[in-house]
Amino acid sequence: QDRSVIMTRCEFFTEDERDEELSREKMWNSAISFYSDSERICPSAGDRLTLENAVIDILATANDPCPERPTNANVISTVLKITFENGRSFMVLGDATGERLTSLIDPESEIYCTDEMLKSDILQVAHHGLAVGRELEYPSITALYEKIAPRIAFWAINEKRFFTDK
């Protein structure tokens, strides 16, 4: 019998977000009450979920080491790659910011991904676009997008905001 799986996080928020998180926790508990029979997992980079016709590779989560102490929840956003049985793939960068994105292509990083792992047919670009980090990170973030090299990209923001985040 198939069971639903809820991907959850172990510790999601920074010190500054603790009060806001208490409100989120109430909403979270209300939402998951609809899935009371679901298995809850706390994924980490390298984990893999297999569905009938797809494999979901967890590339980064809140549970993975960050180069620096997270300053906001975006830094620790989950990054997923979904590969379907026909070989097509879809990468979701979520709300990841510069530090998290550059770690994906840093061979010294604990969440480093090979070029083969990064290459995807479809990409949901990071919510904050290219301007997700400090200006010195732009070449690395651009390199990440070039390694992903999607044929199709879903944009969560407009082009101006993608480049300036304003």
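Leucine 80 stands opposite valine 92 in strand S6. These two residues belong to a pair of strands, S5 (residues 79–84) and S6 (residues 89–92), which run antiparallel to one another and share four bridges; strands count as paired if DSSP finds at least two bridges between them. The structure is a predicted model, in which local features need pLDDT of at least 70 and side-chain atom pairs count only at pLDDT 80 or more, whereas totals for chains, interfaces and linings use all residues. Residues are numbered from 1 along each chain as its sequence is written, and side-chain values use heavy atoms, with hydrogens and water left out.

The protein contains five helices and eight strands, taken as DSSP runs (H or I, at least four residues, for helices; E, at least two, for strands) and numbered from the N terminus. Their sequence order is β-α-β-β-β-β-β-α-α-β-α-β-α. Of the 166 residues, 39% are buried, that is, under 20% relative accessible area, with exposed meaning over 50% and partly exposed in between (1.4 Å probe, protein chains only). The accessible surface is about 10,100 Å², and carbon and sulfur atoms make up 51% of that area; areas come from the Shrake-Rupley method with a 1.4 Å probe, and for residues only the protein chains shown count as cover. Among contacts (heavy atoms within 4.5 Å) with a separation of 6 or more, 64% link residues 24 or more positions apart.

Six strands make up an open sheet of mixed pairing, in the order S3-S4-S5-S6-S7-S8. Its edges are S3 (48–50) and S8 (152–154), each of which pairs on one side only. From one strand to the next the twist averages 15°, with axes fitted as lines to C-alpha atoms (for helices over the stretch in contact) and angles running from 0 to 180 degrees between N-to-C directions. S3 and S4 are antiparallel over three bridges, and a hairpin of three residues connects them. Leucine 49 lies opposite isoleucine 56 of S4, and isoleucine 56 in turn stands opposite isoleucine 82 in S5. The pairing of S4 with S5 is also antiparallel, over six bridges. Six of the seven residues of S4 are buried.

Nonpolar cores were defined as sets of buried Ala, Val, Leu, Ile, Met, Phe, Trp, Tyr and Cys residues joined through side-chain atoms within 4.5 Å. The largest has 21 residues, and Leu93, Leu101, Leu104 and Tyr145 have the most contacts inside it. Strand S4 (54–60) and helix H4 (138–148) each supply at least two residues of this core, and H4 gives the most, with four. Another core, of six residues, lies apart from it and includes Ala54, Ile58, Leu80 and Val92.

Serine 120 is located in the loop between helix H3 (115–118) and strand S7 (122–124). Serine 120 is buried, with a relative accessible area of 1%. Leaving out residues up to four places away in sequence, serine 120 touches Lys81, Ser89, Met91, Ile148, Ala149, Pro150 and Arg151. Its side chain also reaches the backbone oxygen of leucine 118 at 3.0 Å.

Alanine 149, one of the residues touched by serine 120, sits in the loop between H4 and S8. Alanine 149 is partly exposed, at 32% relative accessible area. Its phi is near 45°, a positive value in a residue other than glycine. Most residues other than glycine have a negative phi.

How values were computed. A polar contact is a pair of N or O atoms within 3.5 Å; within protein, one must be able to donate a hydrogen and the other to accept it, and residues adjacent in sequence count only if both atoms are side-chain atoms.
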